[in-house]
Amino acid sequence: MEKKIGFIGLGNMGIHMAKNLISAGYHLQVYNRTLSKADELGEANITRCQTPAEAATGVSIVITMLSEDSVLRESVTGDDGILKTLQPNAVHISMSTISPETAVELAKAHQTAGNHYLASPVFGRPEAAAAKKLFICVSGPQAVKDLAKPVLDCLGQGIHDFGEEIGGANVVKIAGNFMIMASMEMMAEAYTLAEKNGLDRAQVANFFGSTLFNAPIYQNYGRLIANKQYEPVGFKAKLGYKDARLAFRLSQASETPMPIVNTVHSRLLTAVAKGLGDKDWVEGFGRGVSEDAGV
């Protein structure tokens, strides 16, 4: 029997995830606001759908990779949302960065409808998605995780469990993205400091990335920042700004002082205000710090 999955959201990340599911033998019922994105997937491997509800029809698993809470909410509970057609006991795997509050809200809506919701945000840029190197975080009922595991195994290099409270994985994702943003700000400042004092910023970045800060974030983002390499766009600055807002709101709601959140929030807001929202968020930090320093 042909294995079918609903897949909603073919952005920079979703398109690679969809390709990996097809390579694993799945047929995808795909929906994307710009349907031409599905052209990359090959007609034999997909069924093009006109609504999220159509993509969720007759499948036991539907995946969403949608960047905004409001868009995800509409795709689930709206007039053409997946809850209109998702069959009893089917699983909705939500893999984008959203607030834990939205995750809890959607999980309750699924429970009322007689099916299941799994929080499963991922870490990794598009090249990691293409190489099945995503780090996948999950939270929700164990039985639902078990149902989702064979599909998630096709998408990443590891699944990391953060308990049965629905919003747990979303908190981890927001915390992790905050740490990435803070690291980029730090690297942009440090390498610009080196440049202004007559050093080769790329050499400085290579040194730190292979010694004191020998980790993928500092190696990969560090190289991009040091070389002022802002193309191709892997993650848009306006989406980074959205994540900074999520971190700021979560810190306020939980009464957690996070001074550095204010810094990265302002940095990305500045990038968006300057018309760089569709540029890579690396540019928001790298160019922003360089311009502040006059280099």
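This is a predicted model: local features need pLDDT of at least 70, side-chain atom pairs count only at pLDDT 80 or more; totals for chains, interfaces and linings use all residues.
I take contact to mean heavy atoms within 4.5 Å, and helices to be DSSP runs of H or I with at least four residues, numbered from the N terminus. Residues are numbered from 1 along each chain as its sequence is written, and side-chain values use heavy atoms, with hydrogens and water left out.

**Helix 11 against helix 12**

I looked up which residues meet here. From helix 11, V264, R267, L268 and A271 meet W281, G284, F285, G288, V289 and D292 of helix 12. I sorted the residues of this contact into six nonpolar, two polar and two charged; Ala, Val, Leu, Ile, Met, Phe, Trp, Tyr, Cys and Pro count as nonpolar, Asp, Glu, Lys and Arg as charged, and the others, Gly among them, as polar.

I then looked up the axes, which are lines fitted to C-alpha atoms over the stretch in contact, with angles from 0 to 180 degrees between N-to-C directions. Those of helix 11 (residues 259-273) and helix 12 (residues 281-293) come within 9 Å and cross at roughly 95°. The two helices are therefore roughly perpendicular, a term that covers 65 to 115 degrees.

**L246 and A175**

I found L246 in helix 10 (residues 237-253) and A175 in helix 7 (residues 168-196). The two are 71 residues apart in sequence, with their C-alpha atoms 9.5 Å apart in space. L246 counts as buried because its relative accessibility is 4%, whereas A175, at 34%, counts as partly exposed. Buried means under 20% relative accessible area, exposed over 50% and partly exposed in between, with a 1.4 Å probe and protein chains only. Leaving out residues up to four places away in sequence, I noted that L246 touches D69, T97, I98, S99 and I174.

**Aromatic rings**

I counted rings of Phe, Tyr and Trp (its six-membered ring) as paired if their centres lie within 6.5 Å, with planes under 30 degrees apart stacked, over 60 edge-to-face and the rest tilted. The count comes to five aromatic pairs. One of them, F213 with Y218, is tilted, at 4.9 Å centre to centre and 45° between the planes. F213 is partly exposed at 31% relative accessibility, and Y218 is buried at 19%.

**Charges over rings**

I required NZ of Lys or CZ of Arg to be within 6 Å of the ring centre and within 35 degrees of the ring normal. K173 lies over the face of F123, 4.3 Å from the ring centre. The charged end of R245 sits over the ring of Y241, at 4.8 Å from its centre.

Technical notes: Angles under 35 degrees count as roughly parallel, over 145 as roughly antiparallel, 65 to 115 as roughly perpendicular and the rest as oblique.
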